[in-house]
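User: I've got a fold open on my screen and would like to talk through its contacts. Can you take my questions one by one?

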Amino acid sequence: MELKNMVALVARSGRQLQRYNKGNRQVVGCIPYRIKGNKEKNLEDALEVLVISAQRKGKGMLFPKGGWESDESITDAALRESVEEAGVFGTVEGILGKWHFKSKGNKKSYEGYMFPLQVEEQLDVWPEKNIRQRVWVSVPKAKEVCQQSWMKEALDLLVKRLESSKD
């Protein structure tokens, strides 16, 4: 997908194209990240991740994620969600994993996939700018503010991957 085609996009809504697997809604998301300074010295100090506010007030911060629809690849869906919810664009890297979880509110079952997104561009205007805040934080801060345990597990996997790639 090209950025110029996505920026004009209004956030998708509705569930007509939503994917399900054995009754579990399939969702996909990204952990947007950037490395500042010298990662050779200490990756944890150099690594920043982008968290966004949940749509519902009081539900804390999380990583961009949403429904994977039948007319798009899994990586296109991950990138679309990052642009829609967080206003960032970049390279979607190899999958971190798949998790099964239930929503806290309605107890529905989900199958969630997470990818790292190495951020290349941060947009000033994006589809959900008026309903979400975004903030770059350290990994420990992200673990503190993120409400979703499966997202924290994905973050741990990202850190391990980045640490092993610097050797």
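This is a predicted model: local features need pLDDT of at least 70, side-chain atom pairs count only at pLDDT 80 or more; totals for chains, interfaces and linings use all residues.

User: Which residues are linked with R80 and E81 in a network of salt bridges?

Analyst: Side chains of opposite charge can pair when their charged atoms come close. Here the network takes in R80 and E81, and the other members are E72 and E84.

User: What about K143 and D156, which parts of the chain does that pair tie together?

Analyst: The side chains of K143 and D156 meet in a salt bridge, with 2.6 Å from N to O. K143 lies in helix 4 (residues 139-145) and D156 in helix 5, so the pair ties together parts 13 residues apart in sequence. K143 is partly exposed at 32%, and D156 is partly exposed at 31%. The parts tied together are thus helix 4 and helix 5.

User: Is E48 buried or exposed?

Analyst: E48 lies in strand 3 and R34 in strand 2 (residues 24-35), so the bridge ties together parts 14 residues apart in sequence. R34 is partly exposed, with a relative accessible area of 32%. For E48 the relative accessible area is 14%, which means E48 is buried.

User: How many salt bridges does a search of the whole structure find?

Analyst: Searching the whole structure brings the number of salt bridges to eight.

User: On to the rings. How is the pair of F101 and W150 classed, stacked or tilted?

Analyst: The model has four aromatic pairs. In one of them, the rings of W99 and W150 have their centres 6.0 Å apart and planes at 50 degrees, so that pair is tilted. For F101 and W150, the centres are 4.5 Å apart and the planes at 15 degrees; planes under 30 degrees apart count as stacked, so this pair is stacked.

User: How many residues apart are W99 and W150?

Analyst: Both W99 and W150 are buried. W99 sits in strand 7 (residues 97-102) and W150 in helix 5 (residues 149-165), so the pair links distant parts of the chain, with a separation of 51 residues.

User: Which residues do ring pairs link into a cluster?

Analyst: F101 and W150 are both buried. F101 lies in strand 7 and W150 in helix 5, so they tie together parts 49 residues apart in sequence. The cluster linked by ring pairs is W99, F101, Y110 and W150.

User: What separates the C-alpha atoms of N21 and Y110?

Analyst: N21 has its place in strand 1 (residues 20-21) and is partly exposed at 28%. N21 and Y110 are 89 residues apart along the chain, and their C-alpha atoms are separated by 8.8 Å.

User: Last one: which residues gather with K59 in a patch of positive charge?

Analyst: K59 is found in the loop between strand 3 (47-53) and strand 4 (61-62). At 42% relative accessibility, K59 counts as partly exposed. Gathering with K59 in that surface patch are R56, K102, K104 and K107.

Conventions: Residues are numbered from 1 along each chain as its sequence is written. Side-chain values use heavy atoms; hydrogens and water are left out. Patches are made of residues with over 30% relative accessible area and no salt bridge: like charges are joined within 9 Å, nonpolar side chains (Val, Leu, Ile, Met, Phe, Trp, Tyr) within 5 Å. Accessible areas come from the Shrake-Rupley method with a 1.4 Å probe; for residues, only the protein chains shown count as cover. A salt bridge is a side-chain nitrogen of Lys or Arg within 4 Å of a carboxyl oxygen of Asp or Glu. Lys and Arg count as positive and Asp and Glu as negative; His and the chain ends are not counted. The place of a charge is taken as NZ of Lys, CZ of Arg, CG of Asp or CD of Glu. Helices (H or I, at least four residues) and strands (E, at least two) are DSSP runs, numbered from the N terminus. Buried means under 20% relative accessible area, exposed over 50%, partly exposed in between (1.4 Å probe, protein chains only). Rings of Phe, Tyr and Trp (its six-membered ring) pair if their centres lie within 6.5 Å; planes under 30 degrees apart count as stacked, over 60 as edge-to-face and the rest as tilted.
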